Amino acid sequence: MDFAASLGLVAPEILLSVSGLVLLLVSAWAGDKASRAICIVGVAVLAVCAVLVVPALCGGAMGTDTVAFDGQLKADAFSAFAKLLIYAAAAVALIVAPAYFERVGAMRAEYGVLILFAVVGMGIMVSATDLLALYIGLELNSLAAYVLASFLRTDGRSAEAGLKYFVLGALASGILLFGMSLVYGFTGTTGFDGIRAALSGELSMGALFGLIFVLAGLAFKISAVPFHMWTPDVYEGAPTPVTTFFATAPKVAALALAMRVTLDAFGSQEIAWQQVIIFAALASIVVGALGAIGQVNIKRLLAYSSINNVGFLLIGLAAGTPQGAAAMLVYLVIYVAMTVGGFVAVLMMKDADGVPVEGIADLAGLSRTRPVLALCMAAVMFSLAGIPPLFGFWGKFVVFQAAVNAGMVPLAAIGIAASVIGAFYYIKIVKVMYFDEPADTVKGISDWAHWALLAIAALFISPLGYLLTKVLGALADNAATALFFAA
């Protein structure tokens, strides 16, 4: 494929990069007063990028026509599916930010620019078919994320979150690089196709260590147990719009990357990585559920909820089948909607002076003081718990169904049993809001954009979401088929 065709395949990344650079110059000249305008332009750019990738997803793009730059990247239906989710989550992070940061006097022009550059990195991550491209995308996303985590420079918690994220992220990058070097040393190539071909025979001990180190590095990025320790502290300390971003877009990118690496690069050694994925899945479900039980801060509880949900997602990956991959993608869409709803509701919880309310005890009696907000929050909690008829149940159902069809009945059974633990702390939030005496703490007026996003998320995860199962399933099947297609 010639250079011009390759440039056409990465048009969304080019548009995001150029837009980010232009907005960076605007922020330098216009200063912080242009912050809101930069966020609006950023949302528009993301919308245009979404339009650019829709044809690849709907058309089920796959094969040699999707390969760019001699096998470095692949703009197929799978990457298009992940990019659409990433763009949607990033747009939410841009929409909710101005009202929050302006209230605390910390809105700066570079916020929108950092989000766009992080999205460029994530776009490269989900399209990468070479270890070098993988690492470039991962680090571009991470560098922007470290700054975003410590965005509130006057807040000690935010500075601590940024430092922890940076130190542990650097450690994870080192582990990943070491694994990549071992894989290259024992296969002689960095391309996923070449790695899969080289590992098709008997797996050597060195290559096995490389595989495990690569998976360990990726496990940090998706906050899977035992590399989850940074998640509660960073989610609590980072500004809530940034936490909303961390819990959605980078999670989608990292999980999509993990799918590409395991099913493509290491696809010929399914037995080797399957055991690692099964352990991470079950450990994440149990640790996420048990860790959330004693939390008193709603953002920390949602952090453990995120770890718990990663475990369920990894069950689909452990199946190692196109059905398992499609189930993961369906669950990811529902997970992003539930997470957006949860964190937007948290953003709307503030006292009369506009100070954020994050204590679970402060939500007591919310159903009597803010009934609509309490109803939406309850819908999110029940959906996260996987209680029918809410749409969160469907995400868990398709993942467990894929595991059963792949012959992993014990894994599905343990996952179903462990999901009961998680239901406890979700229902506890609902109990506090509906049955405790009102604390009358949440009194602040919310921005219309927050209400709009919360309404959209609540409608999506309601029983109305089941109307989308056929369309969502078809798109996920397109993406999964492209992932398993050998170019």
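Is glutamate 236 buried or exposed? Glutamate 236 is buried, at a relative accessible area of 19%, where buried means under 20%, exposed over 50% and partly exposed in between (1.4 Å probe, protein chains only).

1. Ground rules. This is a predicted model, in which local features need pLDDT of at least 70 and side-chain atom pairs count only at pLDDT 80 or more, while totals for chains, interfaces and linings use all residues. Residues are numbered from 1 along each chain as its sequence is written, and side-chain values use heavy atoms, with hydrogens and water left out.

2. Salt bridge at glutamate 236. Its partner is arginine 157, with 3.7 Å between the closest N and O atoms; a salt bridge here is a side-chain nitrogen of Lys or Arg within 4 Å of a carboxyl oxygen of Asp or Glu. Arginine 157 belongs to helix H7 (residues 156-187) and glutamate 236 to helix H10 (residues 230-237), so the pair ties together parts 79 residues apart in sequence. Helices (H or I, at least four residues) are DSSP runs, numbered from the N terminus. Arginine 157 is partly exposed, at 34% relative accessibility.

3. Aspartate 233, with two partners. Lysine 164 forms a salt bridge with aspartate 233, the closest N and O atoms being 2.9 Å apart. Lysine 164 is in H7 and aspartate 233 in H10, so this pair ties together parts 69 residues apart in sequence. Aspartate 233 also forms a salt bridge with arginine 300, again with 2.9 Å between the closest N and O atoms. That pair links distant parts of the chain, as arginine 300 lies in helix H14 (residues 298-319), 67 residues from aspartate 233. Arginine 300 counts as buried at 18%, while aspartate 233 is partly exposed at 27%.

4. Salt bridges link Arg157, Glu160, Lys164, Asp233, Glu236, Lys299, Arg300 and Glu358 in a network. The whole structure has 14 salt bridges.

5. Largest pocket. Its volume is about 600 Å³. Lining it are 21 residues, and Leu84, Leu85, Ala88, Val333 and Phe460 are the closest to its centre. On a 1 Å grid over the protein atoms alone, a pocket is an open set of points with protein on both sides within 12 Å along at least five of seven lines, a cavity is a set where a 1.4 Å probe fits but cannot get out, and lining residues have an atom within 4 Å of a point. Helix H4 (77-103) gives the largest share of the pocket lining, 8 residues. By class, the pocket lining has 21 nonpolar, no polar and no charged residues; Ala, Val, Leu, Ile, Met, Phe, Trp, Tyr, Cys and Pro count as nonpolar, Asp, Glu, Lys and Arg as charged, and the others, Gly among them, as polar.

6. Cavities. There are 3 cavities of 30 Å³ or more. The largest cavity holds about 110 Å³, and its lining divides into 8 nonpolar, 2 polar and 2 charged residues. Residues lining the largest cavity include Tyr165, Trp230, Tyr235 and Phe246.

7. Aromatic cluster. Tyr165, Trp230, Tyr235 and Phe246 are also among the members of one aromatic cluster, which includes Phe343 too. Rings of Phe, Tyr and Trp (its six-membered ring) pair if their centres lie within 6.5 Å.

Key:
Phe/Tyr/Trp six-rings, centres within 6.5 Å; stacked < 30°, edge-to-face > 60°. Points joined across faces, edges and corners; volume = space filled by probe spheres on them. Helix = DSSP H or I, 4+ residues; strand = E, 2+ residues; numbered from the N terminus.
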